[in-house]
Amino acid sequence: MSVFVSKNNIKKNMGKNKNIQDKVNSTLNVLDALQTPQVSPFFKDKTMQRMFQNKEEEQEVWSWFTPKIQLATLVCVVVLNIVAFAKMKSSSYDENINDFAETYGLTISTENTFLN
Amino acid sequence: MEEQDFIEDLKAGKQYAYGKLIDDYQQKVFATCISFVPNKEDAEDLAQEVFVEVYHSINKFKGNSKLSTWIYKIATNKCLGFIRKKNTKKRFAFLQSIMGNDIPVDKTKYFTEINHPGILLENKEKSEILFKAINQLPETQRVVFTLSKVEGLGNQEICEITGKSLSSVESLMFRAKKNLQNILQNFYKNES
């Protein structure tokens, strides 16, 4: 009797598994029936607008900064740097500091201190 | 026109070249995007982003691969980025639901409620189950499976897009199929 029941169970389980496998196969077969969708008719226009809109904006912002002006700016910066460097080398730093301190009365005189 | 000349025109930013590029590739790029992201509006947005990216990065294209492969690569990366973002939002939404904050329900159901115009109505339910299962695959397996089975590309082209060898693409494909079978079997077992 028990052998008969277990055989029945096995048969039932096999049927169930087959059913599940059929469902899995039919789900995977959905991909074969998948149709290639068409892109919307305004896709090209929208994409072109998006692409070149950014470019125009970028161009408008930096349009005044032409290569000639760029070169002139670069030359100015280089000349200013050279002049500043030459000036720094020609005058001594301590001398300048002392001059500055004397002009604004920032020197500390040790003679007038009460602590001595 | 030779592809090299065409690429030079693209690099020079010529508008007609980009018009031709979109004419030639819009359908392919859109099809790739919609196979990863089964929602028409999002897939179109992504396809647009792909062309904008091509426009900005064309100077980085060295010509080591075909232009189409390079564009497919950009499309795949864009889609994966989008999916990652969606999944992060989903996880965040889950955390928020634990914390007791209300979240918009549609964001958590993104990959179960698909809007793919190529799916026949009678297959809609099965497609939703399938796309949900594909989304559960590890990223590399998902990419290879989608490019092969949904997009219909050959293994060689998938190798070039993913930068993997032929044997690893085949192995990923085998594992993806096996995992999908398991996921779907578990799903139907729990259902019955």
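How many helices and how many strands are there in chain B? Chain B has nine helices and zero strands. The model is a predicted one.

**Chain B overall**
- Along the sequence, the elements of chain B follow the pattern α-α-α-α-α-α-α-α-α.
- Chain B has 192 residues, and 33% of them are buried.
- Of the contacts in chain B between residues at least 6 apart in sequence, 57% join residues at least 24 apart.

**The largest nonpolar core**
- This core has 49 residues.
- The residues with the most contacts inside the core are V29(B), F30(B), C33(B), V50(B), I71(B), A75(B) and V144(B).
- Two or more residues come from each of α2 (15–36), α3 (40–57), α4 (67–99), α6 (124–135), α7 (139–150), α8 (155–162) and α9 (166–191) of chain B.
- Helix α2(B) gives the most to the core, with 10 residues.
- Apart from its neighbours within four places in sequence, C33(B) is in contact with A43(B), L46(B), A47(B), A75(B) and C79(B).

**Helices α1 and α2 of chain B**
- Helix α1(B) covers residues 3–11, and its axis comes within 8 Å of the axis of α2(B).
- The two axes cross at roughly 120°, which means that α1(B) is oblique to α2(B).
- The crossing in which α1(B) passes α2(B) is left-handed.
- On the α1(B) side the residues are F6(B), D9(B) and L10(B), and they meet A17(B), Y18(B) and L21(B) in α2(B).
- By class, this contact has five nonpolar residues, no polar residues and one charged residue.

**The contact between chains A and B**
- Chain A supplies 24 residues to the contact and chain B supplies 35 residues.
- On the side of chain A that touches chain B, α1 (2–28) and α2 (43–62) of chain A each supply at least two residues.
- The largest share of that side, eight residues, comes from α2(A).
- The residues on that side of chain A divide into 13 nonpolar, six polar and five charged.

**Helix α4 of chain A**
- Helix α4(A) spans residues 93–103 and is hardly covered.
- Among the 11 residues of α4(A), the count of buried residues is zero.

Methods:
Residues are numbered from 1 along each chain as its sequence is written. Chains are lettered from A and ligands numbered from 1 in the order in which they are written. This is a predicted model: local features need pLDDT of at least 70, side-chain atom pairs count only at pLDDT 80 or more; totals for chains, interfaces and linings use all residues. Two residues are in contact if their C-beta atoms, placed from the backbone, lie within 7 Å. Helices (H or I, at least four residues) and strands (E, at least two) are DSSP runs, numbered from the N terminus. Ala, Val, Leu, Ile, Met, Phe, Trp, Tyr, Cys and Pro count as nonpolar, Asp, Glu, Lys and Arg as charged, and the others, Gly among them, as polar. A nonpolar core is a set of buried Ala, Val, Leu, Ile, Met, Phe, Trp, Tyr and Cys residues joined through C-beta atoms within 7 Å. A residue is buried if 20 or more other C-beta atoms lie within 10 Å of its own, exposed if 12 or fewer, and partly exposed in between; C-beta atoms are placed from the backbone. Axes are lines fitted to C-alpha atoms, for helices over the stretch in contact, and angles run from 0 to 180 degrees between N-to-C directions. Angles under 35 degrees count as roughly parallel, over 145 as roughly antiparallel, 65 to 115 as roughly perpendicular and the rest as oblique. A crossing is left-handed if the near helix is turned anticlockwise from the far one by less than a right angle, and right-handed if clockwise.
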